[in-house]
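Welcome! Try each task yourself before you read its solution.

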Amino acid sequence: MELAPTLTGHTVQNQVRAVGINPHYWYPVAWSSQLRRGKVLAVQIWGRAIALFRDDQGQVHGLEDSCPHKGVALHKGEVQGQNLTCPYHGWQFAPDGHCVTIPYFPPEQKLPCVQARRYPVQDQYGMLWVFPGDAERAPTVPLPSVPEYDDPQWLMVAIPGQFNAHFSICNENTMDVFHGFLHRDLQGWFNPKLLQLRQSDNWVEADYQVSYQGWLSQFLGMGRRGDRVTTRTISIQYRYPHYANSLEGVSKMYLMRLPVSATETRSFTLLFLKIRLPQILIKMIRPWLSRVIWRFLFKPFLDQDVEMIESEQQTYCHNPQRHYVEVNPAIIALQRVMLKQAYGADFHPALPSPSPDATSSVAIPSR
């Protein structure tokens, strides 16, 4: 459904600040490099504690981070072959969660019928993904597609993010191009216009027109001269529960969201750039260049966002009944998707429904 991009004020309903997740999707929980062979890693998805371990063959598995015997955290244990061993009594659990060894049982004694819950895991795009919902549904749900991942024409920059805030606040920040005002001192974008808006029960797509000026836009190839204003269109796609956006062939970004708890969210972002340098030079300095671009060009933007996102969360925690006014229909559409995904397609959230019959655009100068 195409929605009107007209900017009008709506009262934001705070139910979205307490909404849970739809567990029947893949969520990234760590970078692949964080889990070496023979090691265990504790992760969490919306309060679900999970122990990830990489076996002696390099395969990654996930079990509920609680031993069925005494409830001890399994991430405190150790990997033995393909099994995860509890540190308390040495009970071993196979990748499917079944107990396969109790060291003080005689060989002829039958093992108790106990099983730790298994979570499907994938190792893809340099991330470890977990499916926290019904494990039988996992094979039918695809991971987000990242076609640029193995394309040498693109320079990949991995961006970690951590926020002490509910995932809905983080999601709104990503969809909200109008907050370019915050980044004005970093030569961010300005004069945004919401051009087009589309929505279904599990996705929102928004096209914004934005302007750039300065050395950063020149470095990224958006204009030949930094003193001139360059206007581009950025397209943002929210496919629950993750994001992708593109900036007219200049950059592509895939932001994967991990809701850790009601007040903690992480993100695993892959940013792809086409740098105006010889390919042979980029190949030689690719790892170094990626780290420099992340640390000195994009981390300052993220740091500013983190401060605003966490401030918003703190204000909500102090007064959850407070009402707010939103003027960006893309945010209203986004909130509807998050609520429907959490409560089901038949749920009708008490949020204003943007009119689908207009196609005009409204501009708000951001500086």
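**Exercise 1. Sort the residues that line the second largest cavity into nonpolar, polar and charged.**

*Solution.* Step 1: the lining of the second largest cavity divides into 7 nonpolar, 1 polar and 1 charged residues. Here Ala, Val, Leu, Ile, Met, Phe, Trp, Tyr, Cys and Pro count as nonpolar, Asp, Glu, Lys and Arg as charged, and the others, Gly among them, as polar.

Before going on, a word about the model: it is predicted, so local features need pLDDT of at least 70 and side-chain atom pairs count only at pLDDT 80 or more, while totals for chains, interfaces and linings use all residues. Residues are numbered from 1 along each chain as its sequence is written, and side-chain values use heavy atoms, with hydrogens and water left out.

Step 1: now find the lining residues, among them Ile21, Tyr27, Asn171 and Arg257. A cavity is a set of points, on a 1 Å grid over the protein atoms alone, where a 1.4 Å probe fits but cannot get out; lining residues have an atom within 4 Å of a point.

Step 2: the volume of this second largest cavity is about 40 Å³. A volume is the space filled by probe spheres set on the points, with grid points joined across faces, edges and corners.

**Exercise 2. Which element gives the most to the lining of the largest cavity?**

*Solution.* Step 1: the largest cavity has a volume of about 800 Å³. Of its 38 lining residues, Trp189, Asn245, Met253, Phe298 and Phe301 are the closest to the centre.

Step 1: α3 gives the most, with 6 residues. Helices (H or I, at least four residues) and strands (E, at least two) are DSSP runs, numbered from the N terminus.

Step 2: sorted by type, the lining of the largest cavity has 24 nonpolar, 11 polar and 3 charged residues.

**Exercise 3. Where do β7 and β10 stand in their sheet?**

*Solution.* Step 1: write down the strand order of this open sheet, β7-β8-β9-β10, with antiparallel pairing. Two strands pair if DSSP finds at least two bridges between them.

Step 1: β7 (78-80) and β10 (99-101) stand at the edges with a single partner strand each, so one side of each has no neighbour in the sheet.

Step 2: Leu84 has Phe93 as its bridge partner in β9.

**Exercise 4. Which sulfur is the nearest cysteine sulfur to that of Cys67, and how many disulfides does the structure hold?**

*Solution.* Step 2: for Cys67, the nearest cysteine sulfur is that of Cys86, 3.8 Å away.

Step 1: Cys67 counts as buried at 3% relative accessibility. Buried means under 20% relative accessible area, exposed over 50%, and partly exposed in between (1.4 Å probe, protein chains only).

**Exercise 5. Which parts does the salt bridge of Arg239 and Glu205 tie together?**

*Solution.* Step 1: the side chains of Arg239 and Glu205 meet at 2.5 Å, N to O. A salt bridge is a side-chain nitrogen of Lys or Arg within 4 Å of a carboxyl oxygen of Asp or Glu.

Step 1: Arg239 lies in strand β17 and Glu205 in strand β16, so the pair ties together parts 34 residues apart in sequence.

Step 2: Arg239 is partly exposed at 40%, whereas Glu205 is buried at 15%.

Methods
1 Å grid on protein atoms, 1.4 Å probe; cavity = no way out; pocket = protein on both sides within 12 Å on 5 of 7 lines; lining within 4 Å. Disulfide = S-S within 2.5 Å.
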